[in-house]
Amino acid sequence: MSVKQSLLAILDQGPCYGYQLRTEFDRRTGSTWPLNVGQIYNTLDRLERDGLVTKGDADAQGHIYFEITDAGRAAVRTWLASPVQRAAGTRDELTIKLIVAMTLPGVDAAKVLEDQRSASAARLQALREQSPDAAPDPEDLARSLVGDALRFAAEAEVRWLDHVRGVLASRTPDSVALELATDSPRRGRPASATTPAAERIA
């Protein structure tokens, strides 16, 4: 989640002070990712350093308003027009835990999997129960869509766990277990799976 771009996009609607930005962010995201004021001001300091916002004088109540610059507006347009690129090979803890557990001799990977699936299924059920029937105003709509995203992700997680369950059922524990390697590892980074074989040998 990009806090920086989100705050910039809000400032593109008009000058705001820190607590006001936090409130606006909460309104627009269904209060799903609460930000503290310190995080807001740290982000504003970086935006000011990068020339994307300017800091005004304090008003009678002591509020310091921040205003977006032309460079900031351009950054907002670029952000909104650019598809989000999810990083390949993200180190997801669940994925790593299960695939490592499968390779550990003496570890009941099937039990690790079933415990996880029970927890994931329970979370999915809770998300389904929270799903509202209607979204009458923009703030409720934002909250509803965030809930939908969490629910769809939980459904995908349970489907993936079922896939792993099928893979494990077709293999014996010994067929996936890995003993510690006895040869000394070479220095440097491991060869990438996408590196051509000739380059890996060279």
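How far apart along helix α7 are Asp-148 and Arg-151? They are 3 residues apart in that helix, a separation of about one helical turn, and their side chains form a salt bridge in which the closest N and O atoms are 3.0 Å apart. The model is predicted, so that local features need pLDDT of at least 70 and side-chain atom pairs count only at pLDDT 80 or more, whereas totals for chains, interfaces and linings use all residues. Residues are numbered from 1 along each chain as its sequence is written, and side-chain values use heavy atoms, with hydrogens and water left out.

**Helix α6**

- Helix α6, residues 109–130, has 22 residues and reaches 32 Å from its first C-alpha to its last, which is close to the 32 Å expected at 1.5 Å a residue; the expected span is 1.5 Å times one less than the number of residues, and helices are DSSP runs of H or I with at least four residues, numbered from the N terminus.
- Ala-109, Leu-113, Ser-120, Leu-124 and Leu-127 of α6 are buried, where buried means under 20% relative accessible area, exposed over 50% and partly exposed in between, with a 1.4 Å probe and protein chains only.
- These residues cover an arc of only 60° around the axis, which puts them on the same side of α6; the arc is that of the directions from the helix axis to the C-beta atoms.
- The buried residues of α6 pack against α5 (93–103) and α7 (138–169), contact being defined as heavy atoms within 4.5 Å.

**Salt bridges**

- The structure holds 13 salt bridges, each being a side-chain nitrogen of Lys or Arg within 4 Å of a carboxyl oxygen of Asp or Glu.
- In α6, Asp-115 and Lys-111 lie 4 residues apart, about one turn of the helix, and their side chains meet in a salt bridge at 2.8 Å, N to O.
- An α-helix has 3.6 residues a turn, so residues three or four places apart point the same way.
- Arg-49 forms a salt bridge with Asp-50, with the closest N and O atoms 3.0 Å apart.
- Asp-12, Asp-70, Arg-73 and Arg-77 are linked in a network of salt bridges.

**Accessibility of the paired residues**

- Arg-49 counts as exposed at 60% relative accessibility, while Asp-50 is partly exposed with a relative accessible area of 39%.

Key
Helix = DSSP H or I, 4+ residues; strand = E, 2+ residues; numbered from the N terminus.
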